[in-house]
Amino acid sequence: MTSINMTPQPTGAVGVDHPMQDAVDRVVGSIRFTIDHEVGGMAHARVIRSPFPHARLTGIDVKGALALPGVLAVLTGEDIVGDERIPNPCFGVARRDQWPLAVGKVRYAGDPVALVVADTERHADAAAIAVRVDYDELPYVVDAAEAAREGAPVIHEEWPRNECGSWALHHGDVEEGFAQADRIVESVYTSPSANPVPLEPHVAVAQWNDQLLQVWSSTQWPSIVRRELAHMFGLAEHLVEVRTYPLGGGFGAKGQVKIEPLVASAARIVGVPVRLELDRDEVFLTVAKHPATIRVKSGVKRDGTFVARDMELVYAAGAYAVTSPSGTGNALVRAPGPYRIPNIRITSQAYYTNTVPGGSFRGAFTNQVAFAYESHVDEIASELGMDPMMLRMKNLLRDGDTYATGEAMHDVHFEELVVNVAEGIGWDEAQPPMAPGRLRAKGLAVILKSTPTPSRSEARVEIGGDGHVTVYSSAVDMGQGASSTLAQLAAEFLGVRYADVRVVDPDTSTTPFDTMTAGSRTTFSSGSAIRQACAALIEAIGELGADQLGLSPAELAHDEGHVVAAMDGSHRRSYGEVIVAAGLSSLSREGVFQSESGGAFKDPLDVKGMASIHWHQGAAAVEIEVDIETGRVIVLRCHGASWAGRIVNPTRVRQQNEGNIIFGIGPALFEQLEMESGQVINPNMSDYMIPSILDVPEHMTSTALVSSEADAELHGVGEMTIPAVAPAIANAVFRATGVRIRDLPLTAERVLRGLRSVEGKDR
Amino acid sequence: MTVDDSQDSPVAHMRLSVNGVHRDIEVPDDEALVTSLRKLGFTSVRAACGIGMCGTCTVQVDGMVASSCLLLTRQVSGCELVTSEGLVEDGALSEVQQAFLDHRAYQCSFCIPGMVLTVDACLRSHPSATVSDVREYLSGNLCRCGTYPSILEAVHALVAARTAGGDVR
Amino acid sequence: MTRFVEPLTIEEACSALAADPWGAKALAGGTALVLMMRQGLVNPKTLVSLGALQHLRGIEAEDGFIRIGARTTLNEVAVSPIVSALSPSLAAACSLVGNIRIRNLATLGGNLAEADYASDPPSVLVGMDATCIVQGSSAQRIVPVGELITGFYSTSLAPDEIITAVLLPVAGDAHRRSSYKKYVSRSSEDRPCVGVAVMADFNAGVVAHLSVVVGAVAEVPQRFDELVTPAIGRPLDQQTVSEIAGAYAAAIDPMEDARGSAWYRRQVTEVFIRRALEEVASP
């Protein structure tokens with residue numbers, strides 16, 4: 001019996017460096033974003049926000065605003081809560097603790113208090129100034145540790161200790177471990193708040209057709225937005241349609257649910273479509289990276305073996321929970337870093353604070369712990385007089401090792417990554433002579449990240465009578481090329497040409513459920529769902545084709561989008577022809593990927609078990625130069641690497657690895673949200689700077705490590721190098737100057753102060 | 001984005017020259033050029049920061065790049081305005097656009113039309129611009145996705161092609 | 001409500017400004033004024049555009065002076081062969097302002113009228129003893145740049161006055177060396193943490209004239225001529241350089257902002273004055 005191809009041969013679509021399908025539109029600028037979307041007769045909204053971090057709302061006078069030209073309505077929280085068409089006004093993914101407009105009190109400076117709806121943006125702006133709000137200021141708290149204390153201002157009545165997430169993990173016997181240690185090293189590391197700064201701001205349009213709600217939103221989570229809105233208005237989910245165009249950047253800022261509840265409520269109450277586009281300062285006030293204080297204590301043997309670790313993670317959640325309750329659990333399992341540590345105890349807590357609500361930020365709940373543990377590993381190395389790379393090689397996890405969660409690690413490549421990045425910047429190269437007043441050194445860091453667990457991706461793949469393939473998925477393209485990557489995967493799994501596959505933009509009325517486009521999960525999760533759908537399609541086509549050709553399915557083979565007789569290659573018929581001959585206009589099948597519900601997280605105070613179906617892995621090495629008179633740090637060279645498993649699109653993987661590095665330089669060296677009296681004082685792109693082209697290291701390279709197995713698991717690479725950037729730089733600064741900075745960002749002033757105290761001169 | 005008097009500003013009839021074509025519009029005196037251009041359908045011109053820092057609102061005004069979020073439309077009567085759409089000629093991408101396409105110089109692409117216009121303006125006005133010169137010129141065009149390396153590769157190719165004897169079209 | 005008018009002569013411009021001293025503002029490039037309008041910091045009823053006053057644009061070398069029309073853009077100043085030859089530090093300072101889009105629109109007159117403490121050109125102009133020709137509805141006057149800028153975004157201009165030109169005295173027979181150093185402490189696109197403008201005239205190897213001006217550390221450019229007198233009549237050697245740098249660092253009363261604390265500004269002021277002086281001192 002000859003071997004029979006029951007499944008299509010790979011076309012090689014995976015691994016081929018195809019351009020994005022809408023590349024020309026992107027270059028010319030004819031691609032449409034949500035910010036370009038218009039609905040006939042739509043009104044424009046402007047948010048009025050609290051200037052105070054914590055205050056009771058004692059009165060809102062809208063009369064003056066209502067009298068102004070073009071104003072259709074001025075809404076307050078009471079209007080929304082009192083409207084019977086909005087039975088469940090509170091929203092939030094982990095806790096429904098957020099109102100579209102504040103009710104009773106405001107919880108952060110920036111909290112939406114009222115909404116003007118008018119015929120033009122300019123009329124809305126003018127009316128917004130005329131709204132008079134009376135506040136009774138309350139004591140406020142901006143620091144998580146302060147918020148945790150007895151007697152701190154209570155931000156949400158149901159959480160009188162401001163608790164917003166509490167997790168713990170223990171493995172082995174920590175006390176015993178420390179007793180066995182030859183040295184103990186303990187430090188505290190802090191990361192401030194920051195903002196993802198997507199260039200396209202949050203923008204949404206909502207329209208009601210009787211009981212049907214249609215929303216266009218620049219969101220990374222369309223399926224969840226639908227679920228939340230359906231709950232809010234007491235509707236069956238199919239009566240809420242959420243559509244999204246490709247995003248002009250997301251980076252976590254557009255995760256979970258943001259302005260959609262407000263816009264949908266306004267459209268419901270006012271009775272016209274409503275559009276809201278946030279100004280840049282409002283984007284800064286809508287979502288923030290969680291500030292964190294992380295205490296790390298390690299016990300090590302004199303030969304460098306890690307024997308014990310005790311960590312306390314404390315996060316400021318901001319005024320509303322968003323993802324803090326679960327995110328702190330994610331941080332918990334990522335906090336040890338990619339190391340073999342037999343005795344370990346970690347606690348992870350978040351506390352409400354009167355600050356901008358924490359949300360996702362590229363590398364969410366990973367950047368802060370990675371800065372802490374990778375700085376810490378170098379501190380240990382320094383204590384022991386060991387090379388930091390050697391110390392890592394001695395302790396990094398290998399296949400089969402037990403991780404802090406008790407799970408056995410598989411498919412881990414941390415040592416390879418460290419070797420790769422070290423070689424990438426010439427770790428062992430001799431130092432060239434330095435210009436006077438400049439110091440140079442290298443540093444590196446290696447990290448791991450869990451995938452969001454549980455999560456679910458569904459996909460539907462359809463072949464038309466013309467042979468063209470359409471993929472329906474709610475995965476969002478936000479610059480990472482998700483749509484094109486999923487098209488490449490579908491092409492591969494079906495054995496058809498990439499050019500014949502189209503992926504539609506998310507539209508919850510036609511695209512099935514996807515938890516979120518975040519956490520670097522899409523290629524793996526949505527890809528898995530598509531693979532399943534394609535396998536089912538192949539089987540269905542095979543049955544139809546066999547029937548049409550008078551063969552049994554076992555006698556049929558697949559070849560580049562055609563069925564043929566396996567024996568001699570005759571009776572070649574395209575998939576489209578098979579479908580038409582069967583009297584169908586199209587044929588579609590669905591697939592699902594569900595990551596196992598994290599049994600590991602069942603008991604929050606005793607997390608153990610499989611915390612992630614697979615672990616993302618990344619590393620970065622840098623060479624920096626410090627001007628010792630100013631303290632300014634410049635990154636001369638950087639090499640980043642991540643474990644991709646199998647690459648779908650080489651250019652896009654490279655752009656993720658390198659884009660992450662560039663993104664990471666910002667919070668490492670200069671990005672931070674600045675607060676004064678409970679207010680953000682730099683909510684603009686001049687006082688808050690993101691890296692420009694001149695901040696890109698002169699030499700920047702990257703590697704995506706892949707498996708030698710043809711069908712290796714696809715690993716997401718959306719966030720794998722960014723968490724390693726800040727600690728790599730901090731480690732390099734230490735090696736260059738002897739200054740150990742444990743607080744981000746590594747500003748020139750911090751470095752200079754450090755240099756002065758190292759020199760013993762303090763003016 | 002605020003006016004403390006709700007009275008509308010006076011509106012003027014203007015004839016704008018955009019991409020070589022005259023467009024007649026009614027423009028409030030205090031309307032920003034980016035707003036007018038987007039109303040006319042030139043959605044490649046975007047607004048992301050409102051303060052001239054990010055470059056997504058870049059347009060060419062008489063051959064020079066300017067932030068259309070900081071220009072009032074009333075200020076540019078009589079000027080030749082060029083947007084990214086205008087660089088396309090007879091359905092063919094310009095040399096700069098083609099270089100961006102060839103080198104995958106795009107991710108989310110919100111910043112890309114501004115980048116293209118800036119590279120185009122630099123190469124047109126600096127016959128012997130080096131890659132370093134163009135890089136400096138691009139210092140005020142921000143990209144959060146981090147596409148800078150691909151953009152620089154496109155620039156390398158453009159400068160190399162020019163040195164080899166082509167002109168920027 | 002904001003209306004836009006575009007007078008064809010300076011006289012018309014001054015009258016339009018005089019007609020509404022509180023509500024009318026002169027609009028040159030617009031990069032500062034339109035920005036402030038967008039941020040809600042100013043709300044002019046009338047924008048008096050200077051866009052039609054083309055004769056206010058241009059650079060000429062006159063006898064002992066460079067005359068720069070107030071409507072000359074910062075980019076035009078930066079690339080001007082006349083300025084590059086006779087006042088290279090001004091060309092350098094103008095080339096460093098913001099980004100190319102700003103420089104294509106922003107004018108030198110507008111830059112001075114804005115009096116932004118963190119802007120580059122004012123320090124150089126103060127150090128060069130530059131003057132402005134200021135035109136009002138009834139009179140014209142000449143104002144040294146150092147007296148024009150009076151405080152945080154404040155000038156001594158009356159509501160009906162516009163700057164029409166900036167005059168830069170050029171070196172006579174002296175061998176003039178100048179330097180402008182812009183130090184950014186954060187991203188490379190940041191506004192300056194400290195800006196230092198240095199100008200030295202040498203005669204037979206010794207200093208005949210020296211000015212050192214520090215910008216971006218305080219409301220107005222900081223110049224202390226008494227601190228440079230020790231250098232006059234002597235070669236600009238390392239010790240003199242260090243003394244002047246140290247004296248300035250002690251004399252300034254720097255502000256705090258996101259770019260640096262007062263302490264930090266003092267440290268880097270000393271560093272950059274030293275570096276700028278070393279640069280002009282070297283052959």
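**Reading an interface, a sheet and a chain**

User: How much area is buried between chain A and chain C?

Analyst: Buried area is the accessible area (1.4 Å probe) that two parts lose on being put together, summed over both. Between chain A and chain C it is about 1900 Å², with carbon and sulfur atoms giving 47%. On the chain A side, A:E629, A:R632 and A:M689 lose the most area to chain C, together 28% of what that side buries. This is a predicted model, in which local features need pLDDT of at least 70 and side-chain atom pairs count only at pLDDT 80 or more, while totals for chains, interfaces and linings use all residues. Residues are numbered from 1 along each chain as its sequence is written, chains are lettered from A and ligands numbered from 1 in the order in which they are written, and side-chain values use heavy atoms, with hydrogens and water left out.

User: How many residues does each chain bring to the contact?

Analyst: Contact means heavy atoms within 4.5 Å. Chain A supplies 20 residues and chain C 22 residues.

User: In what order do the seven strands of the open sheet in chain A lie?

Analyst: Strands of a sheet pair through backbone hydrogen bonds, either parallel or antiparallel. Here, strands (E, at least two residues) and helices (H or I, at least four) are DSSP runs, numbered from the N terminus, and two strands pair if DSSP finds at least two bridges between them. The order in chain A is β3-β5-β1-β12-β9-β10-β11, with mixed pairing. Because β3 (71-76) and β11 (240-243) of chain A stand at the edges with a single partner strand each, one side of each lacks a neighbour in the sheet.

User: Which strand do the four bridges join to β11(A)?

Analyst: Strand β10 (residues 212-217) of chain A is joined to β11(A) by four bridges, and the two run parallel. Within this pairing, A:V215 stands opposite A:V242 in β11(A).

User: Which strands does helix α7 of chain A touch?

Analyst: Axes are lines fitted to C-alpha atoms, for helices over the stretch in contact, and angles run from 0 to 180 degrees between N-to-C directions. Helix α7 (residues 222-233) of chain A packs on the sheet against β9 (203-209), β10 and β11 of chain A, and its direction makes about 150 degrees with that of β11(A). Helix α8 (residues 260-270) of chain A also packs on the sheet; its direction makes about 35 degrees with that of β9(A).

User: What pattern does chain B follow along the sequence?

Analyst: Chain B reads β-β-α-β-β-β-α-α-α-α, which comes to five helices and five strands.
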